[in-house]
Amino acid sequence: MNSRIKKIQIFIITGFTIILAMGNIAYILVRMGEGKTVSEVFGVYRETIHMFLYMWITWILMVLCQLKFSHMLSKTRAELEKARIEAEQANRAKTTFLFNMSHDIRTPISAIMGFADMLKKHKNDDKTDQYIENIQVSTKYLIELMDDVLEVSRLVSGEVVYDDSTVINLDEFCDSVSVVFDESMKEKKLDFNVNFDVLHNEVYCDTAKLRRIYLNVLGNAVKYTPEGGSITMDISEIPGEEKGSNSYKTVISDTGLGISKEYLPHVFEEFTRQRTVTENKISGTGLGLYITKHLIELIGGTIEIESTEGEGTTVTFVLSLRTTGKRVPKNKNAGQETVKKDKVSMAGKRVLVAEDNELNAIIVKDVLEEAGVLTSHAEDGVQAVNLVKENSEGYFDAILMDIQMPNLNGYEAAKQIRALPGKRGEVPILAVTANVFDEDKKNAKEAGMNGHVAKPIDAEKLIESISEVIEK
Ligand code: ADP
């Protein structure tokens, strides 16, 4: 109820009370003036006075009840209004999200379709390589976008948990992150310096999440620093407040494009970018820093950005990590993403491809057959298990197992194969799936699979992964 009505009601009650009281007093005084005593006045007119009092009290009670009722009504109205505003905001956020997604997905898809058209028209042109590369770049961007969006939705719904059960050497970890950008830094002739000033470099962490944080921030520095610029990464240790934990401070500075004063306060918001890809030709989803901030907060840390447009950007983040209290020497090979091993020759090997999607099955089979592999195809988990049972022991050297298949999914099929006696139950199985989260990898392991290959298929990685499991 609005306060004006309340004021009017209080005014009426008070006014009515005063009039009644004054009326009564005047009445008593007049009667006493006529020579009656107080008890006589009350004696004769007791009934009348009582009636007035009853009326007055009842009326006050009624008004009080109404006041209470109006208060409850206004509270409910306020709650309803709040819920309406929240629902509207959620709706607006959903519409903005769908709008952004639709735009961001359509852009690379139209590039893919456009370049595929060009390829069709100019089959033997010298531009075909460039068209193919453009298609690959757009596809890569689409995958990144999908991964980022999924990560955001998992973070927002609280599905992502921090599991710091892995022990790593922070020194080696930094090398393994830096090496990812080796090529692009060389291409852009960027001067990159790392200062590592950490005493206790053996820490417990959730490697995938820590890696994501460093890749996002360092990746931005590389992305937004033009040719000839420089980037520095300083990592230092600050003694922690809790025993067994230390704070590790990372400062990544670049001499790149910088961020405007207007955009800086929005830098951690999802889907925001200072400039679109059309404006600066630098692609991005506008989700990297949003995810980074959420991950850092999940670990229990802080992140800050200082930047001057045209001069450069400095990102500082502090993470509290449990440490073993040791300083361990760096492995010389650390940072070399893959230590090159002699690959097992794939020619003549037999691989069973369990995949229900026809197009995916064709791509995987083509990739394998090009490497000289003999392939068999199962359209679902049941067929896969039957093919292993029907063929002789050791017939298949490996199985590529899709996860979401009709009749029997990949996990169940793998479990049934592992339960088979002899060599049949020992055949290496690789999960090939678009489910690429840590939980999916864990599920694959629990189902008895030997590894995990992400869709869409990277031909080289697929062959490498198969050769690794066959080798073991
Ligand atoms: P993305 O890079 O995919 O657009 P981010 O969330 O990682 O998304 O960053 C949001 C925006 O912040 C970027 O679009 C860019 O405008 C700005 N930004 C982030 N890091 C830097 C940097 N090191 N230098 C200049 N601008 C940056």
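Visitor: Which residue forms a salt bridge with Asp206?
Guide: Asp206 pairs with Lys209, and the closest N and O atoms are 2.9 Å apart. A salt bridge is a side-chain nitrogen of Lys or Arg within 4 Å of a carboxyl oxygen of Asp or Glu. Please note that this is a predicted model, in which local features need pLDDT of at least 70 and side-chain atom pairs count only at pLDDT 80 or more, while totals for chains, interfaces and linings use all residues. Residues are numbered from 1 along each chain as its sequence is written, and side-chain values use heavy atoms, with hydrogens and water left out.

Visitor: Is Asp206 buried or exposed?
Guide: Asp206 counts as buried because its relative accessibility is 6%. Lys209 is buried as well, at 9%. Buried means under 20% relative accessible area, exposed over 50%, and partly exposed in between (1.4 Å probe, protein chains only).

Visitor: And what does Asp402 pair with?
Guide: Asp402 forms a salt bridge with Lys455, with 3.1 Å between the closest N and O atoms. Asp402 lies in the loop between strand S10 (398-401) and helix H11 (410-418), and Lys455 in the loop between strand S12 (451-454) and helix H13 (459-471), so the pair ties together parts that are 53 residues apart in sequence. Helices (H or I, at least four residues) and strands (E, at least two) are DSSP runs, numbered from the N terminus.

Visitor: How many salt bridges are there by this rule?
Guide: The count comes to 15. One of the pairs is Glu81 with Arg84, whose closest N and O atoms are 2.7 Å apart. Both residues lie in helix H2 (residues 38-121), 3 residues apart, which is about one turn of the helix. Glu81, Arg84 and Glu88 are linked in a network of salt bridges.

Visitor: Changing topic, which residues come nearest to the ligand?
Guide: Asn220, Tyr224, Arg273, Thr285 and Leu289 come nearest, out of 19 residues around the ligand. A residue is near a molecule if one of its heavy atoms lies within 4 Å of it.

Visitor: Which helix gives the most to that shell?
Guide: Helix H6 does, with 3 residues.

Visitor: What lies 3.0 Å from a nitrogen atom of the ligand?
Guide: A polar side-chain atom of Asp254 does. Lys223 also has a polar side-chain atom 3.0 Å from the ligand, in this case from an oxygen atom.

Note on methods. Polar contact = N/O pair within 3.5 Å; in protein donor to acceptor, adjacent residues only side chain to side chain.
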